[in-house]
Amino acid sequence: MADAAVAHGSAEAYEPSLFGTYSKKIGMWLFLLSDTLTFGALLFAYSYGRISNPDWPTPFHKESITNATVMTGCLLSSSLTMVLAVLAARRGDKSWTRNWILLTMLFGSGFIVLHALEWTKLIGEGMTPFKNPWAATVPQFGGTFFTLTGMHMLHVTIGVIYLGVVALRKAFLPILLVIWGIVFFSTPADNVFHIGVHALLIGLVIAAVILFLKPKDYDAHDVEIAGLYWHFVDLVWMFIFPLVYLMSTRVQG
Amino acid sequence: MHTVAAHHDEGKSQYLWVWVVLLLLTAVEVALAYKQVFQPVQMLEALMVLSVIKSALIIGWFMHLKYEIAAMKWVMMTAVCACLCLMCIFFADAFRILQLGVR
């Protein structure tokens, strides 16, 4: 269709985008809107459970809130480094684009590790998706908590892999494999890290398929789109943090 | 090809300011939770207002929606807000369980 328009010189065949920007970015925005509804549904389900249960537990004492606050700081700082990566990409500065993206990944990885440690602590206290030690009449606390925060942690993990692919391309694949191997062989089988690290293996396979089937040099637009995804992950945490952690703070005891 | 870069300067300072404000708002949220300044319902309202402000900063500056054209801003934000508001319909049932003691 487009070739025919070029051949006949009919410029009006190219209809400008309704949103005044390139289609890849509109595609990412539409995906993020649909993902908003996924997280919206999970947050509403959590709030529904909370409203309908007067005995909703408040298990998060000072240590957990401090941990979650540091995690929030990690995500907010990663958003800043990501936006600096986008600026560097627009300038055509490939070296700083990669450096800022790697720093973003470092903050994101810090968030994942802190969150997994928090999960380990809660599981150690006897919390499962089906019961919790603080309120026997509210079994759904564990289910809603793990689903909501697990879904978010999965998004952060996908985000780190996505950024790794954009920054390092094929060089990122062996790094992923090495990280998976180290974590898998150095942790016991019932450990949160041992189970969760398989997300990297799945990510490795998907990233390899993408990188080998469609090898390309990612440009400023690709960095900007990856940034949109990353900021969205940060955005969702801005609602999970107050709703799940701050509203269930245990001030005494 | 159109890029948002054409519409605004590449200054880093505005992003640094947004980051500082986001960190400060987070500190206010944590302080509110720890000092138990409000009753739970007022606390929820205060935290949600702060979260909406933080989201607006992230969407506007970090996600660059501020620099997109009006059609993009209105279509994207109206759609997501309308859909999220529609989900509130379920809360009536949660209150029914709480108020009527339905098991």
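These legends describe close-up views of a predicted model.

**View 1. Chain B is built from helices, with zero strands.**
The count for chain B is four helices. Along the sequence, the pattern reads α-α-α-α. Chain B has 103 residues, and 17% of them count as buried.

**View 2**
The contact draws 40 residues from chain B and 38 residues from chain A. Which helix gives the most to the side of chain B that touches chain A? That helix is α1(B), with nine residues. By class, the side of chain B that touches chain A holds 30 nonpolar, five polar and five charged residues.

**View 2. Helix α9 of chain A packs against α2(B).**
Helix α9 of chain A covers residues 220-245. The α9(A) and α2(B) axes lie 9 Å apart, at an angle of about 175°. Angles over 145 degrees count as roughly antiparallel, and α9(A) and α2(B) are therefore roughly antiparallel to each other.

**View 3. Residues of α9(A) and α2(B) come into contact.**
From α9(A) come A:His231, A:Asp234, A:Leu235, A:Met238, A:Phe239 and A:Pro242. They meet B:Leu47, B:Ser51, B:Lys54, B:Ser55, B:Ile58, B:Ile59 and B:Phe62 of α2(B). The contact of α9(A) with α2(B) has eight nonpolar, three polar and two charged residues.

**View 4. The buried residues of α8(A) line one face of the helix.**
A:Leu200, A:Gly203 and A:Ala207 are the buried residues of α8(A). Seen down the helix axis, they fall within an arc of 60°, so they line one face. An α-helix has 3.6 residues a turn, so residues three or four places apart point the same way. The buried residues of α8(A) pack against α5 (140-168) and α6 (172-186) of chain A.

**View 5. Exposed residues sit on the face of α8(A) turned away from its buried side.**
Which exposed residues does this face of α8(A) carry? They are A:His198, A:Val205, A:Val209, A:Phe212 and A:Leu213.

Terms used: Residues are numbered from 1 along each chain as its sequence is written. Chains are lettered from A and ligands numbered from 1 in the order in which they are written. This is a predicted model: local features need pLDDT of at least 70, side-chain atom pairs count only at pLDDT 80 or more; totals for chains, interfaces and linings use all residues. Helices (H or I, at least four residues) and strands (E, at least two) are DSSP runs, numbered from the N terminus. A residue is buried if 20 or more other C-beta atoms lie within 10 Å of its own, exposed if 12 or fewer, and partly exposed in between; C-beta atoms are placed from the backbone. Two residues are in contact if their C-beta atoms, placed from the backbone, lie within 7 Å. Ala, Val, Leu, Ile, Met, Phe, Trp, Tyr, Cys and Pro count as nonpolar, Asp, Glu, Lys and Arg as charged, and the others, Gly among them, as polar. The arc is that of the directions from the helix axis to the C-beta atoms. Axes are lines fitted to C-alpha atoms, for helices over the stretch in contact, and angles run from 0 to 180 degrees between N-to-C directions. Angles under 35 degrees count as roughly parallel, over 145 as roughly antiparallel, 65 to 115 as roughly perpendicular and the rest as oblique.
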